[in-house]
There are 2 protein chains.
Amino acid sequence: MRESAETRETPANSHHAIWSVSAEHVPAERSQAAIEAARGLLRERLTTNVTLREQHGHGEGPVRAHAPDAVAFVTSVDEISEMLRLCHREGVPVVPFGAGSSLEGQVNAVCGGISLDLSRMNAIIEVNQEDMDCLVEPGVTREQLNAFVRDRGLFFPVDPGAACTIGGMCATRASGTNAVRYGTIRENVLGLEVVLADGRVISTGGRVRKAANGYDLTHLFIGSEGTLGVISKIRLRLQGIPEATSAAVAQFPTLSAAVEAVFATMQLGIPVARVELLDDVQMAASIAYSRLNEFEPLPTLFFEFNGSASSVKEQAELVEATAGEAGCIRFSWASETEARSRLWAARHRAYPAAVALRPGARGIATDVCVPISRLAEAVLGAKEDIAASGLIAPIAGHVGDGNFHCCILVDPDDPSELERALALDHSIVARGLALGGTCSGEHGIGLGKRAFLQREHGDDALDVMKSIKFALDPKGILNPGKVFLDTSLPNRGSGRVES
Amino acid sequence: MRESAETRETPANSHHAIWSVSAEHVPAERSQAAIEAARGLLRERLTTNVTLREQHGHGEGPVRAHAPDAVAFVTSVDEISEMLRLCHREGVPVVPFGAGSSLEGQVNAVCGGISLDLSRMNAIIEVNQEDMDCLVEPGVTREQLNAFVRDRGLFFPVDPGAACTIGGMCATRASGTNAVRYGTIRENVLGLEVVLADGRVISTGGRVRKAANGYDLTHLFIGSEGTLGVISKIRLRLQGIPEATSAAVAQFPTLSAAVEAVFATMQLGIPVARVELLDDVQMAASIAYSRLNEFEPLPTLFFEFNGSASSVKEQAELVEATAGEAGCIRFSWASETEARSRLWAARHRAYPAAVALRPGARGIATDVCVPISRLAEAVLGAKEDIAASGLIAPIAGHVGDGNFHCCILVDPDDPSELERALALDHSIVARGLALGGTCSGEHGIGLGKRAFLQREHGDDALDVMKSIKFALDPKGILNPGKVFLDTSLPNRGSGRVES
């Protein structure tokens, strides 16, 4: 309900923060002390190898790398706990790392310290078929989990596309193409095991579908981006594999006709499993990159339908009729598994396809999400802004949720172009907020969206978040520099790493 | 994931806390100062009338009343803010009050102070048909909201039965009969406006269906039972009224057959809108109380089906077959609105029907929720414990979620019977926890379940909750004495009301 929140104008240059993070590096002697102690614990799994440090200093987004002082490959909750205990003692930053696929600089070690690599904690501990849930370690990837549970007739529905880890998905509150039907990671986590800043281990939530048992810590840690604790186990809901699945592609002469078809589909309450928009520029990029030569470079919707054979057929016919009314000029089916896989692979490769439009460029991805009734205004407005900017920025989005991404392609070494790109980013987000939306539907805040977060929530709500941060991590060792532009609180000290 | 949490044995007598709350009353002179200041603000809407104070001192549960020093009928967020500002200044407790229908002593003013009555803030501020959401004040009741949105083809699906307010439902994380299909209040709130302990007003969440925009404050306040802030506005999701609805009643020779039918229904993934269990004792009570003379006093399931006409028919046929296989001896339909209403009214009156079995007794309602695969063990074990106790305790439950209530009827003035009742309560909850369940599926913690909460989460998770409480309400003025047996934190002071 941020429409009634008091908002503060952020400093004009604060959205430049993604390019120039100025944070104090932890003193070398403290970092060294933590590294020595960690080496005693992890042996060769604690490394200061330059290549590994560099690789752990960035995700997949546009933010430049900040390498940690060391990388710790932990293999158990006890090791996470010990690592946090010793880093807490030394006041050294800890940055949790999964697959490194986040887009907003979430894994960058802006203050140095230790990157805690959880990718080797990739055990699927149990799968409970009767209750359709499972317990996994944070380094399990969604593909790994799906391959494992498929034979049991189950699947894990949250699909951000990337080869991300479940722990990382929880930390950033990820979602993706299936959220319109199955919800985001938030709706699919039943409980967590979390290691606190000082090394204590707690459990939140549980195996039950509902509970009124004290503060909802599960949802507090989901989306906290490693700033409140390190997630060491996750209890997930699973879904039964639907009896039937089919896909369809609808192409439109205009972007506004495509968005109108989405809105009509959602208004009719058709329970589509996915509905994805690619604008003409993105479609041209994807046709070239993924060899989708059977399609035209026009605004396009990708649909998926799940259910019983009759329900899937009914849904698809309804959607075809609805799209037709909105002006669809080409509707095609893909009910064979192979054809569907090829379509969705192309959709998942939208980002590299976009970047391939301009070799050497980096992509700044906006992540605005608005109420579905305002989607047309948001998307068409963004398209106009892009045209006015003179930049290339393909649009792709999970439009059933009101979420879309403009991938602004920019040469980061050209200051004036960068200036235009950031101004474009700013105007797209500002319109999203004005339409009752959020600056981030699914990528999170990290470094890149901190100024927008402040603008979206207002100072008092940010202060509540910071109070919680301070209460759980008084020394500020957990992923410092992320989410908040600064963590200072009136009368509470800075909340920064200090001894 | 509390199965791996370290749990601490709670003091043997701590579950007696529901009957003997020993909390320090706020000093009379401070309370008086706050009352005088509040009278200046609210005039005749600030009352110290004994009847009104007594009425605001308790909910509907077994906990004895604790009257506040005054009752404040506020009518706007500004008044809530002013009230909190002045109570914060004076260090005087504030206890939010909606309909007074909570069951665990949530509204009892155990430390005195001011009961903040929100029932006059009952405006439905806006209904947005396109996005199927609405914005309401906390005193709006669910019946009021449903009557208002019905003509628009919409309904609000969370139905705890009681004439509760939306604000109260958010505060206790309520659910009820429809949660198996539509989720609890947690899944149906998009955003909140909350007044903080010091009177500042924040907004959380928004109008979008998903967001990765900082800490999830919405879900933190939902279920915090008035201890972290006062909810002053709620943005709710609404649902489209289904094309068709029907109901059915299935009677079984044994409790185990009835539970087996529930499990099989859920395993088949039949999307029932409601599935409610009443055991033989509860059914006898309900037949007598609600004149359901067409039924036998046998273990019984009440079903409701929502969907298209064909889907409702298909669901009901599937359930009839499934119940038949489990041993159902009588399956009857209620597709007429009137017959359905009569059935659900009887279900909603289960609690008074139970209490009417033993005039003068009070009911201690257990609220265990377990994974559906463990439901049979939990319910049949409870039934055995009840038999062994020699007490009367009808069972009714939202069994599709694994949630059920034993209403233990007890004469509170008979110490030895009370002892037996509390031991029974304890054993039912202990089994629920051992089966991976929770002590509270939907009633919340309040005063009555504080010892269980400690046992369920363990000390470290409780400390995290208390740290958050302390961060948001350092003076401890918000609903003191609730949720936690004590709010002391190592090195942080007591968090109690003090100047």
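Biologist: How many residues does the contact take from chain A and from chain B?

Modeller: In this predicted model, chain A puts 72 residues into the contact and chain B puts in 73 residues. Interface size is often stated another way, as the accessible area lost when the parts come together.

Biologist: Which elements give two or more residues to the side of chain A that touches chain B?

Modeller: Among them are the strands β8 (189–195), β9 (201–205) and β10 (230–237) of chain A. The helices α8 (217–221), α16 (450–457) and α17 (459–472) of chain A are also on that list. With nine residues, α17(A) gives the most to this side.

Biologist: What is the make-up of that side by class?

Modeller: The side of chain A that touches chain B has 28 polar, 27 nonpolar and 17 charged residues.

Biologist: What rotation superposes chain A on chain B?

Modeller: A rotation of 180°, with 0.0 Å of shift along the axis, does this at an RMSD of 0.0 Å. That is the relation of a two-fold axis.

Biologist: Why do the copies meet through the same surface?

Modeller: Because 100% of the interface residues of chain A are interface residues in chain B as well.

Biologist: What ipTM and pTM does the predictor give the complex?

Modeller: The ipTM is 0.94 and the pTM is 0.94.

Key. Residues are numbered from 1 along each chain as its sequence is written. Chains are lettered from A and ligands numbered from 1 in the order in which they are written. This is a predicted model: local features need pLDDT of at least 70, side-chain atom pairs count only at pLDDT 80 or more; totals for chains, interfaces and linings use all residues. Copies are superposed by least squares on the C-alpha atoms of residues with pLDDT of at least 70 in both. Two residues are in contact if their C-beta atoms, placed from the backbone, lie within 7 Å. Helices (H or I, at least four residues) and strands (E, at least two) are DSSP runs, numbered from the N terminus. Ala, Val, Leu, Ile, Met, Phe, Trp, Tyr, Cys and Pro count as nonpolar, Asp, Glu, Lys and Arg as charged, and the others, Gly among them, as polar.
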